[in-house]
Amino acid sequence: MSTFIDKSTRLLVQGITGRDGSFHTNQMIEYGTQVVAGVTPGKGGQKFEGTVPIFNTVAEAVTKTGANTTVIYVPPPFAADAMMEAADAGISFIVCITEGVPVLDMTRVYPFVKDRGSRLLGPNCPGLISPGQSKVGIIPGQICVPGPVGLVSRSGTLTYEVVYQMTRAKIGQTTCVGIGGDPINGTSFIDCLDAFEKDPETEAVVMIGEIGGTDEQEAARFVREKMKKPVVGFIAGQTAPPGRRMGHAGAIISGSAGTAAEKMQAFEDNGVGVAKRPIDVVDLLKRAMR
Amino acid sequence: MNIHEYQAKEIFRNYGIPIPPGEVATTPEEAESITRKFGTTVVVKAQVHAGGRGKAGGVKLAKTPAEAKSIAAQILKLTIKGLPVQKVLVTPAADIASEAYVGIIVDRASKRPVVIASPAGGIDIEEVAAKTPDKILRHAVDPRYGLQMFEAMQAAFFLYSDIKHVRAAAKILQQLYRAFSENGGSLAEINPLVTTPAGEIVALDAKMVIDDNELDRRPDIAALRDVSAEDPSEVEAREASLTFIKLHGNVGCVVNGAGLAMATMDLVKYYGGEPANFLDIGGSSNPEKVIAALRIITEDSDVKAILFNIFGGITRTDDVANGIVTAIGQNPLKVPLVIRLTGTNEEIAVEILEEHGLSAMTDMDEAVKKAVALATGGKAK
């Protein structure tokens with residue numbers, strides 16, 4: 001088993017003919033993901049690499065191919081529309097890789113997608129991978145191996161680093177999910193922790209956070225209240241300086257400065273193993289799964 | 001992107017928010033003549049992208065043109081949180097009967113713009129929020145409809161009891177919401193919003209932060225950027241599409257991805273060094289970025305060693321290697337360089353580096369330890 005995607009995932013690629021879209025479509029196909037369709041307005045009727053049919057609209061792609069998941073590589077000005085188009089066409093799982101989507105756009109996209117019953121991952125995220133089964137997004141497949149650990153992260157390359165160190169220590173993964181670092185994203189730490197808790201193959205979970213906001217603190221409380229599986233956490237930004245922040249609203253709204261120390265304390269207080277360095281994740285996992 | 005108080009006031013004024021007149025001076029003499037023109041007591045306010053201006057001595061009253069001149073001269077010599085003050089706003093002093101706070105921010109938790117209001121405005125508003133949370137009202141707005149009149153009235157009744165004040169404040173809140181949402185704001189704030197003895201409500205200060213992701217589609221807002229008010233190395237980095245924040249350590253860091261960059265800095269500290277900067281070269285693999293990154297870092301004389309930490313995903317490590325080799329060819333390094341790279345096209349990258357007498361490591365901890373030892377002239381912890 002795995003979480004969110006598996007061998008039966010039928011993937012659509014929005015922006016399949018673009019520079020990033022085409023490169024990563026080839027990587028996903030090579031990894032074994034079933035890429036059933038692409039969308040690029042104006043290129044309907046053509047084929048990607050002679051095999052994957054391209055459509056003008058998501059609705060048409062869904063009708064003709066039965067795609068149930070989409071990955072979005074379109075440029076930032078078009079990303080909000082692409083997410084809403086996918087939700088409106090009945091795609092149940094939408095992964096948006098695009099970086100640079102205006103946050104006010106996301107305040108409108110999020111309720112639109114939610115009202116249609118779809119799950120959004122991202123934007124500004126590396127996607128996800130269930131090693132040996134399917135990958136959707138840009139996480140390098142060669143650094144992952146199948147195994148018992150679920151991983152959820154706000155970061156991109158730091159995720160790769162931790163996965164790489166786990167793989168070198170022969171600790172494999174059920175699913176690695178990058179939820180993205182933007183202020184508004186579709187899938188939260190808690191959504192992923194909940195999915196890992198329910199996944200019978202997942203024995204332990206790694207959570208990688210960053211400074212800013214209170215998502216990690218809330219996730220830590222969820223671990224204590226709702227989870228039986230061991231969770232290990234790392235927070236990046238222990239040495240980040242306090243910014244030359246203007247305005248007061250951020251601190252008023254969250255009641256928190258969102259520092260690494262505060263988040264690590266929340267981990268500690270709620271029974272989440274605290275890794276001081278990325279490599280410590282490996283030792284903590286070994287101890288937790290013994 | 002931060003904009004100055006006087007720029008935010010200009011935007012707010014365009015939406016009808018009542019704001020006292022004001023003019024910007026870059027010299028003490030200009031401040032003097034502006035004050036003469038107003039013919040009244042003025043406030044001279046440092047225009048700088050940092051909070052806590054008042055506490056840093058950057059906001060002062062002047063009763064006469066001559067006093068305004070000498071105060072402006074003092075303020076224009078200040079450096080607030082590392083940023084030199086280059087402009088002051090001169091504005092007539094207002095008589096204040098009460099001070100409130102209103103602000104709008106995009107809230108991560110509710111995933112909506114949230115209006116924040118407090119009748120206890122002023123410089124200690126964060127303390128108010130922490131100690132007396134019942135004095136703060138938070139209201140999430142549905143962005144598909146905007147801030148409706150009844151919502152604005154509810155917030156305004158939280159601030160005032162006089163219905164005239166309430167109606168005026170509700171109007172200001174709706175104007176503020178439009179200024180925020182129509183200009184790509186991530187924050188819009190009036191602190192203080194004051195009532196005058198004459199019964200008017202006016203905004204005495206204005207802050208606005210623009211979402212960087214909005215700038216491409218809002219060239220008029222992007223043009224408000226004041227490059228002279230930013231750290232020069234940060235400007236240079238942005239122009240090369242790098243994210244850079246200068247710190248004061250001895251190990252210069254070049255990393256791809258913000259999370260890995262922060263984790264690398266944390267490791268530098270863990271092993272006994274101090275990171276000299278945060279620098280994220282991003283996901284693309286343009287060698288030009290690497291060249292720019294090395295140029296910016298080597299301008300800092302505190303840097304005693306440079307550490308590259310590259311995990312190739314979208315970033316191709318051979319492109320980074322090419323950038324390093326080209327940069328060093330143009331401008332030989334005076335400090336030792338430690339390179340850690342792994343991932344996409346790693347073998348090609350190592351080959352390129354070795355052809356030029358450089359070497360690469362694959363383990364992050366080992367690379368950080370080595371860089372720290374070189375920077376401190378001793379051993380890593």
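This is a predicted model: local features need pLDDT of at least 70, side-chain atom pairs count only at pLDDT 80 or more; totals for chains, interfaces and linings use all residues.
**Domains and how they sit**

Chain A splits into domain 1 (10-121) and domain 2 (127-288). Chain B has domain 1 (21-92), domain 2 (98-222) and domain 3 (231-376). In chain B, the centres of domain 1 and domain 3, taken over C-alpha atoms, are 41 Å apart. In chain A, the centres of domain 1 and domain 2, again over C-alpha atoms, are separated by 26 Å.

The two domains of chain A touch: 19 residues of domain 1 are in contact with 14 residues of domain 2. On the domain 1 side, the elements giving two or more residues are helix 1 (19-31), strand 5 (69-72), helix 4 (103-115) and strand 7 (119-121) of chain A. Helix 4 of chain A gives the largest share of that side, with 5 residues. Sorted by class, the domain 1 side holds 13 nonpolar, 5 polar and 1 charged residues.

**Where the chains meet**

Now for the contact between the chains, which takes 47 residues from chain A and 55 residues from chain B. On the chain A side, helix 3 (76-88), helix 4, helix 5 (157-168) and helix 8 (249-254) each supply at least two residues. Which helix of chain A gives the largest share of the side that touches chain B? That is helix 4 of chain A, with 6 residues.

Chain A has an open sheet of 7 strands in the order 9-8-11-10-12-13-14, with mixed pairing. Strand 9 (134-137) and strand 14 (273-275) of chain A stand at the edges with a single partner strand each, so one side of each has no neighbour in the sheet. On average, neighbouring strands here are turned by 15° against each other, direction ignored.

Strand 13 (residues 231-236) and strand 14 of chain A pair in the parallel sense over 3 bridges. One residue pair to look for is Phe234(A), whose bridge partner in strand 14 of chain A is Ala275(A). Helix 9 (residues 260-269) of chain A lies across strand 12 (204-210), strand 13 and strand 14 of chain A, and runs at about 175° to strand 13 of chain A. The other chain joins in as well: helix 9 (residues 258-270) of chain B packs on this sheet, touching strand 12 and strand 13 of chain A. The direction of that chain B helix makes about 85° with strand 13 of chain A.

**The sheet in chain B**

Chain B has an open sheet of 4 strands in the order 1-6-2-3, with antiparallel pairing. Its edge strands are strand 1 (23-25) and strand 3 (59-62) of chain B, each pairing on one side only. Neighbouring strands of this sheet are turned by 30° against each other on average, direction ignored.

Strand 2 (residues 42-46) and strand 6 (residues 88-92) of chain B run antiparallel and are joined by 5 bridges.

Two packed helices are described by the angle between their axes and the distance between the axes. Here are two pairs.

| Helix pair (chain B) | Angle | Axis distance |
|---|---|---|
| helix 10 (287-298) and helix 11 (317-330) | about 45° | 8 Å |
| helix 5 (149-159) and helix 6 (163-182) | roughly 125° | within 8 Å |

Helix 10 and helix 11 of chain B are therefore oblique to each other, and their crossing is right-handed. Residues making this contact include Val290(B) and Leu294(B) of helix 10, and Val320(B) and Ala327(B) of helix 11. By class, the contact has 7 nonpolar, 3 polar and 2 charged residues.

Helix 5 and helix 6 of chain B are therefore oblique to each other, and their crossing is right-handed. Among the contact residues are Met149(B) and Phe157(B) of helix 5, and Leu173(B) and Gln174(B) of helix 6. How many charged residues does this contact have? There are no charged ones, with 11 nonpolar and 1 polar making up the contact.

How values were computed: Residues are numbered from 1 along each chain as its sequence is written. Chains are lettered from A and ligands numbered from 1 in the order in which they are written. Axes are lines fitted to C-alpha atoms, for helices over the stretch in contact, and angles run from 0 to 180 degrees between N-to-C directions. Angles under 35 degrees count as roughly parallel, over 145 as roughly antiparallel, 65 to 115 as roughly perpendicular and the rest as oblique. A crossing is left-handed if the near helix is turned anticlockwise from the far one by less than a right angle, and right-handed if clockwise. Two residues are in contact if their C-beta atoms, placed from the backbone, lie within 7 Å. Ala, Val, Leu, Ile, Met, Phe, Trp, Tyr, Cys and Pro count as nonpolar, Asp, Glu, Lys and Arg as charged, and the others, Gly among them, as polar. Domain bounds come from an automatic or database domain assignment. Two strands pair if DSSP finds at least two bridges between them.
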